[in-house]
Amino acid sequence: MTSGVITHIQRFSVHDGPGIRTTVFLKGCQMHCSWCHNPETLRRQPEIQVFPERCIGCRACAAACQHAAHEFNGTAHLYHRQRCVVCGECIETCYAQSMVRVGETRTAESVVAEVLADRPFYQPAGGATISGGEPLLQAEFTCAILEGCRREGIHTAIETNLAWPWTVVEPLVPLVDLLLVDIKIMDDAAHRAWTGVSNERILDNLRRWDALNKDIVIRTPVVVGVNERREQIGAIADFLATLRQVRQYDLLPYHPLGQGKYAALGRGDPPPEFHTPTAAELDTLAAVAARPNYVVKVAGAALRNWRNCHSDPERLDINPTQDTLS
C-alpha cells in the first residue's frame with residue numbers, strides 16, 4: 001500500500017475548489033516563500049511544535065520519554081529537540097497540549113476512506129482536494145489518493161506550485177478535474193529571490209495543461225513589498241489572458257498567522273513580518289486583473305461587471321454569493 005505524510009485532513013472546506021470539499025494537506029514543500037505562513041508544512045518528516053506557555057508543569061512528558069528529550073529545571077520545561085525521535089509518546093500524556101505533533105504517516109487507502117465518509121455532502125459540485133505543502137513532493141502518494149477518489153466518482157482537485165518537470169506533472173492529467181496553481185510573480189529573477197525557485201516550469205506546465213482543455217484556477221498571494229504593484233498583477237493577468245482554460249483568478253491577501261509557528265518548531269527567529277494590502281489596494285488590483293475570460297475573486301468574493309471595473313477601479317461590484325468555481 002502506498003503511504004505518505006500528511007499534516008491534516010480538513011472536512012467541509014469551501015475555499016479549495018467548488019462546492020463542499022475534503023482537503024488533504026500533505027507535508028513537505030520544495031519552495032521556500034519568504035512570507036510562508038505554514039512553516040510546519042515545509043519539511044516532509046513529522047515534527048513536534050512546542051508551546052511553552054501552555055505547559056502546566058505536570059512532568060508527564062519527561063516520564064514518558066525514553067530519550068531524555070524533556071527536562072524540568074524548577075518550573076521551566078526544557079525540550080531538547082536534538083534528542084527527540086518524534087515518537088509521540090510524550091504528546092499522548094500532554095493534556096494541556098503544550099506539544100503538538102505535525103505530520104502523520106497514512107496509507108492512500110485510509111485517506112480515500114476518510115474522503116468517502118463525506119460523500120453525501122459533495123453534491124452537486126464538491127469533492128476532494130489534495131493540497132500541501134506541495135503534494136507533488138509526494139507524487140506517488142498523491143496519485144494513489146487521486147486514483148482512489150476517481151474510482152469512486154469523486155470530483156478531484158489539486159493545489160500545486162507546479163514547479164516540476166512535466167514528467168512529474170503528466171500523470172495527474174487523467175486524475176484531476178481542476179488544477180489550482182499559484183502564480184506569485186511573473187518576473188523570474190524576483191520569483192527566484194522570493195521563493196527560491198524559477199517560475200519557468202510553472203508557466204510552461206500551465207501552457208501544457210491549458211492545451212489539454214482542463215479547468216484551471218490561478219491564485220496570487222498579494223504581499224506588500226513583494227507583488228502588490230499594479231504592473232506586477234497586470235503582468236500575471238496578461239499571461240492568463242493567453243490561456244483558454246483559466247476559469248478564475250483569486251487575489252489572496254497575505255496574513256501573518258504563521259509568525260508564532262517558527263519558534264514552536266525550533267526554527268529560530270521568524271522571517272521579517274510582511275504587510276497585508278488594504279481593501280482599497282485589493283480593489284484596485286482586482287480591477288487591474290480583470291479580463292473577459294475568467295472571474296476575479298478577492299479574498300473569496302467574486303468581482304462582477306469586469307468591463308466597468310477595468311475602466312474605472314472605483315466601480316467595483318463584489319458579490320460573495322456568485323456561483324463560481326470556489
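The expected span of a helix is 1.5 Å times one less than its number of residues. Keep that in mind for what follows. One caution before we start: this is a predicted model.

Take helix 4 first. Helix 4 has 13 residues. From first C-alpha to last, helix 4 reaches 18 Å, close to the 18 Å expected. Which residues of helix 4 are buried? They are Phe-141, Thr-142, Cys-143, Ala-144, Ile-145, Leu-146, Gly-148 and Cys-149.

Now helix 7, residues 200–211. Helix 7 has 12 residues and reaches 17 Å, close to the 16 Å expected. Its buried residues are Ile-202, Leu-203, Asn-205, Leu-206, Trp-209 and Asp-210. Look down the axis of helix 7: those buried residues fall within an arc of 165 degrees, so they line one face of the helix. On the other side, Glu-200 and Ala-211 are exposed. The cover over the buried residues of helix 7 includes helix 5, helix 6 and helix 8, along with strand 10, strand 11 and strand 12. Asn-213 follows helix 7, and its phi is positive too, near 60 degrees.

On to the core. In soluble globular proteins, nonpolar side chains tend to be buried together. Here the largest nonpolar core has 69 residues. Which of them touch the most other members? Leu-206, Trp-209, Ile-218, Leu-240 and Tyr-249 do. Helix 4 supplies the largest share of this core, with 6 residues. There is also a second, separate core of 12 residues, including Val-50, Tyr-79, Ile-91 and Met-99.

Stay with Tyr-249 for a moment. Is Tyr-249 buried or exposed? At 0% relative accessibility, Tyr-249 counts as buried, because the cut-off for that is under 20%. Beyond its neighbours within four places in sequence, Tyr-249 is in contact with residues including Ile-218, Ile-233, Ile-236, Leu-240, Ala-289 and Tyr-294.

That brings us to the aromatic pairs. The whole structure holds 6 of them. Start with Trp-194 and Phe-274. Their ring centres are 5.7 Å apart and their planes stand at 70 degrees, so the pair is edge-to-face. Trp-194 lies in helix 6, and Phe-274 lies in the loop between helix 9 and helix 10, so the pair ties together parts 80 residues apart in sequence. Trp-194 is partly exposed, at 24% relative accessible area. Phe-274 counts as buried, at 12%.

Next, Tyr-249 again, this time with Tyr-294. This aromatic pair is edge-to-face as well: 6.0 Å centre to centre, with 85 degrees between the planes. Why does it tie together parts 45 residues apart in sequence? Because Tyr-249 lies in strand 12, while Tyr-294 lies in the loop between helix 10 and strand 13. Tyr-294 is buried, with a relative accessible area of 6%.

Ring pairs also build a cluster. It links Trp-35, Trp-194, Tyr-254 and Phe-274.

The charged end of Arg-54 sits over the ring of Phe-51, 4.1 Å from its centre.

Conventions. Residues numbered from 1 in each chain as written. Heavy atoms only, no water. Phe/Tyr/Trp six-rings, centres within 6.5 Å; stacked < 30°, edge-to-face > 60°. Helix = DSSP H or I, 4+ residues; strand = E, 2+ residues; numbered from the N terminus. Buried < 20%, exposed > 50% of the residue type's maximum accessible area, 1.4 Å probe, protein only. Lys NZ or Arg CZ within 6 Å of the ring centre and 35° of its normal. Core = buried A, V, L, I, M, F, W, Y, C linked by side-chain atoms within 4.5 Å. Contact = heavy atoms within 4.5 Å. Arc of directions from axis to C-beta.
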